[in-house]
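Thanks for taking a look at this one with me. Below are a few notes to read alongside the model.

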Amino acid sequence: MASEQCPVYASFFGLAGSSLAMILTAFGAAYGTTKAGVGIAMMGTFRPDLIMKSLIPVVMAGIIAVYGLVVSVVVSGNMSPGTPYSLFTGMLHLGAGLSVGFTGLAAGYAVGVIGDAGVKGYSLSPRLFVGMVLMLIFAEVLGLYGLIVALILNTKATNEC
């Protein structure tokens, strides 16, 4: 039954939040993986002995997509065809998806750029490894902040109509 607080289109916003969480974080992870992977491939032609330690940016970029997956599963877990779904909850879920999605996109971009430059610099001077890892951690934490905000927003959701 549709009411003013629970219109039939309210679930659209929740589904959009769930979808955007996964889509945007996947774009960020894909960009980060591609950019860092190209740097590793270029570095590997000169220093193949350093390839295994240089895979850290690729792994960190892949983790960003997991943040979107977590939010997407949590948001879609709150939805069911037979239960009422309020517009307030739909907007919260949209905000949660956008929060983790855009921070995941930014974190993926940052991890890719840092990873590309970092592994190239690491091939020239192994002392740069610790600095590269620290910069990657600070880039990755951007996505984690979005995940935390999304989970906090999800706890505020109610389906009272």
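Is Arg47 buried, partly exposed or exposed, going by its relative accessibility? Arg47 counts as partly exposed, because its relative accessibility is 26% (buried means under 20% relative accessible area, exposed over 50%, partly exposed in between, with a 1.4 Å probe and protein chains only).

1. A word on the source. This is a predicted model, so local features need pLDDT of at least 70 and side-chain atom pairs count only at pLDDT 80 or more, while totals for chains, interfaces and linings use all residues. Residues are numbered from 1 along each chain as its sequence is written, and side-chain values use heavy atoms, with hydrogens and water left out.

2. Salt bridges. The whole structure holds three salt bridges (a side-chain nitrogen of Lys or Arg within 4 Å of a carboxyl oxygen of Asp or Glu). Arg47 pairs with Asp49 at 3.3 Å, N to O. Asp49 counts as exposed, at 55% relative accessibility.

3. The network. Lys35, Asp116 and Lys120 are linked through salt bridges. Lys35 meets Asp116 at 3.6 Å, N to O; this pair joins distant parts of the chain, with Lys35 in helix H1 and Asp116 in helix H3, 81 residues apart. Helices here are DSSP runs (H or I, at least four residues), numbered from the N terminus. Asp116 also meets Lys120 at 3.3 Å, N to O, and both lie in H3, four residues apart, about one turn of the helix. Asp116 counts as buried because its relative accessibility is 11%, whereas Lys35 is partly exposed at 29% and Lys120 is partly exposed at 31%.

4. The main core. The largest nonpolar core has 15 residues, and Val111, Met132 and Leu136 have the most contacts inside it. A nonpolar core is a set of buried Ala, Val, Leu, Ile, Met, Phe, Trp, Tyr and Cys residues joined through side-chain atoms within 4.5 Å. Helices H1 (10-46), H2, H3 (87-124) and H4 (129-155) each supply at least two of its residues, and H3 gives the most, with five. A second, separate core of eight residues includes Val71, Val75, Val100 and Ala150.

5. Ile64 and its neighbours. Ile64 lies in helix H2 (residues 56-77) and counts as buried, because its relative accessibility is 0%. Leaving aside residues up to four places away in sequence, Ile64 touches partners including Thr25, Gly104 and Val111 (contact means heavy atoms within 4.5 Å).
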